[in-house]
Amino acid sequence: MRKKKRMILPAILMLGLLTACGQAKEAASTAHAGHGAAATAAPASAQPDGGHGGHSGHEAVPQTPAAAALQAAFTFAAGAPKAGAPAELTVRITDQAGKPVQDFQVNHEKLLHLIVVSHDLTSFEHLHPAYKGDGLFTVPVTFPAGGTYKLFADFIPNGGSSTTLSQQVKVEGVETGHTPLTADSKLVKEVSGKEISLAASGLKVNQETTLTFTIRDAKTKQDITNLQPYLGAVGHVVIISADSEQYLHVHPLDESAKGPEAKFATMFPKAGIYRIWGQFQHNGEVVTVPFTVDVK
């Protein structure tokens, strides 16, 4: 009888160890699976921007499966838009089954940010459509010239992650030139009486880059230190590749900064030419400044 008890006791101990080991493995596996679930890739129609996650805006944080399944339809009430004529644009956000997405999170003071760029990236607009319910947003748009434009709808569905859906549209009318983009030889521009310079800590693929904008008075060269919040932050930056396939919406490292510097951190996914638009507000005016860089 004593021999049986001696045999049973080690067996119980061994069973307990195996059970604990199995539970530890299961917990580790679950934790890893949870991390991997957030890394689900988005389909071609949805560009992976990720969330605002602190300083670097959208990039580098992949979408959840729910966000990846969303779709956007861009339509004009009067048919194909014409250059120089106001057109009513409707953006309809639906899930994979075609059902409208009902709820959206406020993202830097707006439910949806609409970026409109021409094929050569010389024309840029940052609009905020009004939400009508049932996944429908509307906004008036006036295209400056004919040709191909790309529309980017940037939003966060309630309970989801930051999502960007895009579509090309053809605008009737005389087109602008097709001059290829080239990198600026000097990253200093004068816009609306302000001298704005851009410094990049590095323009390498898949390496974090800090973009530093310095804003001064164009005449006096004095630093501007009283920038006003624009959409809840010192500024916003949108970056689009020359082929319009890569889109980054970046937010500042310090949203409460007042100038003269505004710093943004981002990461370029591919080599090539990119157009960078910085947007800042001063004395009630939103100033948009474009720069073109070459990422190696």
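Relative accessible area under 20% is taken as buried and over 50% as exposed, with partly exposed in between, so R216, at 27%, counts as partly exposed. This convention is used in the legends below, which describe close-up views of a predicted model.

**View 1. The aromatic pair of F76 and F143.** The count of aromatic pairs in the model comes to 13. In one of them, the ring centres of F76 and F143 lie 6.0 Å apart and the planes meet at 65°; because planes over 60 degrees apart count as edge-to-face, the pair falls in that class. F76 belongs to strand β2 (residues 71-76), whereas F143 sits in the loop between β7 (136-141) and β8 (147-155), so the contact ties together parts that are 67 residues apart in sequence. Both partners are on the buried side of the cut-off, since F76 has a relative accessibility of 14% and F143 has one of 1%.

**View 2. The aromatic pair of F104 and Y131.** Here the ring centres are 5.3 Å apart and the planes stand at 75°, so F104 and Y131 also form an edge-to-face pair. The pair links distant parts of the chain, with F104 in the loop between β3 (87-94) and β4 (112-118) and Y131 in strand β6 (residues 130-133), 27 residues apart. F104 is buried, at 10% relative accessible area, while Y131, at 27%, is partly exposed. Ring pairs also join F104 and Y131 with F137 and F155 into a cluster.

**View 3. Backbone geometry at P260, D134 and N283.** Most residues other than glycine have a negative phi, and most peptide bonds are trans. The bond between G259 and P260 is instead a cis peptide bond, with omega at about 0°, and P260 is placed in the loop between β14 (247-250) and β15 (261-267). D134, a residue other than glycine, has a positive phi near 55°; D134 is found in the loop between β6 and β7 and is partly exposed, with a relative accessible area of 45%. For N283, phi is likewise positive and near 55°, and the residue lies in the loop between β16 (272-282) and β17 (285-295). With a relative accessibility of 62%, N283 counts as exposed.

**View 4. The salt bridges of D223 with R216 and of E175 with K170.** The count of salt bridges in the model comes to 7, and two of these are described in this legend. Between the side chains of D223 and R216, the N to O distance is 3.0 Å. D223 is partly exposed at a relative accessible area of 40%, and R216 is likewise partly exposed, at 27%. Between the side chains of E175 and K170, the N to O distance is 3.1 Å, and E175 is partly exposed, with a relative accessibility of 35%.

**View 5. The salt bridge of D294 and K296.** The closest N and O atoms of D294 and K296 are 2.9 Å apart, and a side-chain nitrogen within 4 Å of a carboxyl oxygen is what a salt bridge requires, so the contact is counted as one. The two partners fall into separate accessibility classes, because D294, at 28%, counts as partly exposed, whereas K296, at 59%, counts as exposed.

Technical notes
Residues are numbered from 1 along each chain as its sequence is written. This is a predicted model: local features need pLDDT of at least 70, side-chain atom pairs count only at pLDDT 80 or more; totals for chains, interfaces and linings use all residues. Side-chain values use heavy atoms; hydrogens and water are left out. Rings of Phe, Tyr and Trp (its six-membered ring) pair if their centres lie within 6.5 Å; planes under 30 degrees apart count as stacked, over 60 as edge-to-face and the rest as tilted. Helices (H or I, at least four residues) and strands (E, at least two) are DSSP runs, numbered from the N terminus. Buried means under 20% relative accessible area, exposed over 50%, partly exposed in between (1.4 Å probe, protein chains only).
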